[in-house]
Amino acid sequence: ARLGRVTFLSPFHIATMRAALAMMTRSATSVSATPPTRTSRHASSRIPSRVVRASASAPTTLVTPSGARLASRPDPTPDHKAFREAVLRSLPTGNLVYVPGGVAQTRNGIEGNARFRQEPNFLYLTGITEPGYHALFGCGADAPYVLIAPRQPKDMDVWCGAQPTCDELRKTYGADIAYYDDEWDKALHAVEALDDQTVFVPMHQKEGEEAYPARLPKDRDGLFAGMNPETTLLTKTLARHRAIKSADEVDCLRLANQISGDAHVAAWMHCAANAGDVFEYEIEAIFAAETARHGLRHLGYPTIAGSGRNAATLHYEKNDARCFADDLVLVDAGAEFKGYTADITRTFPSGGKFEARRAAIYEAVLDVQNSSIKEMTPNTQYRLVQELAKKRTAQLLIDLGLVNGNAEDATNVGIVSLFMPHALGHLLGLQVHDVSPEGPVPETLVAGHVVTCEPGIYFVPGLLEPAYADPRMRQFLNKDAIDTFMHVGGVRIEDNVAVTASGYENLTTCPKTVKEIEEIMRRW
């Protein structure tokens with residue numbers, strides 16, 4: 001049996017590592033075996049490993065206790081009161097606004113609640129992260145904000161803790177008045193609701209389904225039933241306001257990026273400490289643990305950790321394969337802070353060293369990304385940035401000998417989409433694909449937009465094989481050369497960019513050059 005794979009290592013104190021990556025000292029933990037052969041990628045055939053423990057003489061790192069450090073961190077706070085006042089001022093006066101929060105979902109019906117994630121529009125207007133709440137507003141200046149909380153049965157206090165009083169809820173969440181959800185008649189009276197009055201409600205949409213309007217509650221007097229729900233104006237207004245981030249919102253995204261970037265580096269160090277012989281789920285676990293350790297307990301989306309050819313699957317979420325030292329590992333992962341999520345992708349060599357062909361593809365993607373970020377400035381057409389990125393990608397594929405002809409013809413015929421079958425990026429905020437009046441991809445970049453920049457090159461058999469059979473496309477494809485790159489799988493590099501009045505700010509500080517990545521991993 002092959003021996004020598006070390007166990008999980010706690011990452012270095014990441015905050016100090018960020019300031020001195022080049023000065024990191026080598027861990028006392030060592031690896032004492034030949035790397036395993038590429039026999040299987042499945043857990044069922046994994047070779048048992050011997051535990052190699054850290055030397056007793058390893059130096060102790062003294063850090064501030066986590067509780068004190070996190071409690072004293074000057075965290076940003078979005079101004080939800082300002083958000084809702086701006087939205088309500090944008091709507092016609094004399095009407096009402098009803099916005100429901102999300103509802104808790106149980107696991108398999110009876111096994112406790114699944115992780116709850118608040119409905120983004122409700123979170124934007126209220127800042128409330130708990131399930132079962134509702135908000136009722138009047139429109140215009142000085143319109144009342146009535147918060148409706150779920151009534152907890154008294155016998156549940158033993159299991160869930162005592163419920164806050166309405167006065168406590170009002171003070172905590174900044175509402176003018178608070179009631180429980182069996183007091184809708186009082187809530188409607190507080191906003192001076194009238195029969196046949198217009199009430200603005202948001203639209204909801206699940207992936208792959210048609211959008212549908214929020215349903216009005218049932219009150220004992222039937223007043224809601226006599227109102228006229230309007231389903232488009234509020235949704236468009238919210239999208240317009242949410243698309244432009246305030247300084248506090250950008251600060252939330254900056255913090256989410258900082259901690260998520262450090263967690264990416266922690267995953268590299270774990271792979272390096274284990275000579276690249278890890279499972280994808282270990283990388284996923286390191287990332288989640290490191291972000292949670294810094295107070296970001298929730299991820300913005302399921303982590304993608306694809307090694308080798310799995311990196312060519314764009315939404316790969318199995319994360320159950322075994323990585324090998326020569327594999328590239330594509331990790332798309334971001335944690336959220338107060339609902340605002342980072343969306344970062346890094347691709348790194350599991351064993352710490354880029355093989356030549358993998359490095360060539362990586363450098364090509366990085367070149368496209370660096371050029372594209374510089375173009376993300378105010379009043380720039382985002383789709384123009386995307387088209388230029390495609391042409392650059394085409395030229396680099398030509399330079400690598402993978403594509404024939406010229407870049408413009410290759411782009412026009414759709415060759416680039418075989419290697420990068422997704423858009424250059426999207427808006428980012430309370431949703432990983434955030435909203436605007438135009439959808440998740442803005443037409444024109446303006447100050448306050450936060451967008452991702454995520455070019456990639458992938459080798460996807462399901463796209464390439466049909467293209468080889470297409471007379472229009474195959475003349476552009478150098479199949480023999482492409483075959484020698486199939487082992488690369490895929491490379492994506494993704495940063496989060498805030499558009500400013502004078503240009504842009506890259507919120508993602510996670511290292512990304514070949515030299516930086518190899519240096520970090522070499523020191524382990």
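Begin by selecting strand 1 (residues 96-100) and strand 5 (residues 198-200), which run parallel and are joined by two bridges; strands here, like helices, are DSSP runs numbered from the N terminus, a strand (E) having at least two residues and a helix (H or I) at least four. This is a predicted model, in which local features need pLDDT of at least 70 and side-chain atom pairs count only at pLDDT 80 or more, while totals for chains, interfaces and linings use all residues. Residues are numbered from 1 along each chain as its sequence is written, and side-chain values use heavy atoms, with hydrogens and water left out.

Stay with this pair of strands and look at individual residues: valine 97 stands opposite phenylalanine 200 in strand 5, and leucine 96 has valine 199 as its bridge partner in that strand.

Now widen the selection to the open sheet of six strands, whose order is 4-3-2-1-5-8 with mixed pairing, where two strands pair if DSSP finds at least two bridges between them. At its edges are strand 4 (177-180) and strand 8 (228-230), each of which pairs on one side only.

Which residues of strand 1 are buried on each side? Leu96, Tyr98 and Pro100 are buried on one side, and Val97 and Val99 on the other, where buried means under 20% relative accessible area, exposed over 50% and partly exposed in between, with a 1.4 Å probe and protein chains only. In a regular strand the side chains alternate between the two faces of the sheet.

Select helix 8 (residues 233-243) next, which lies across strand 1, strand 5 and strand 8 and runs at about 70° to strand 1. Its buried residues include Leu234, Leu238 and His241, and among the elements that cover the buried residues of helix 8 are helix 3 (80-89) and helix 4 (120-126).

Finally, move to helix 11 (residues 356-374) and helix 12 (residues 382-399), whose axes come within 10 Å and cross at roughly 155°; axes are lines fitted to C-alpha atoms, for helices over the stretch in contact, and angles run from 0 to 180 degrees between N-to-C directions. The two helices are therefore roughly antiparallel to each other, a term for angles over 145 degrees. Where they meet, with contact meaning heavy atoms within 4.5 Å, look for Ala364 and Val368 among the residues of helix 11, and for Val385 and Ala389 among those of helix 12.

Technical notes
Angles under 35 degrees count as roughly parallel, over 145 as roughly antiparallel, 65 to 115 as roughly perpendicular and the rest as oblique.
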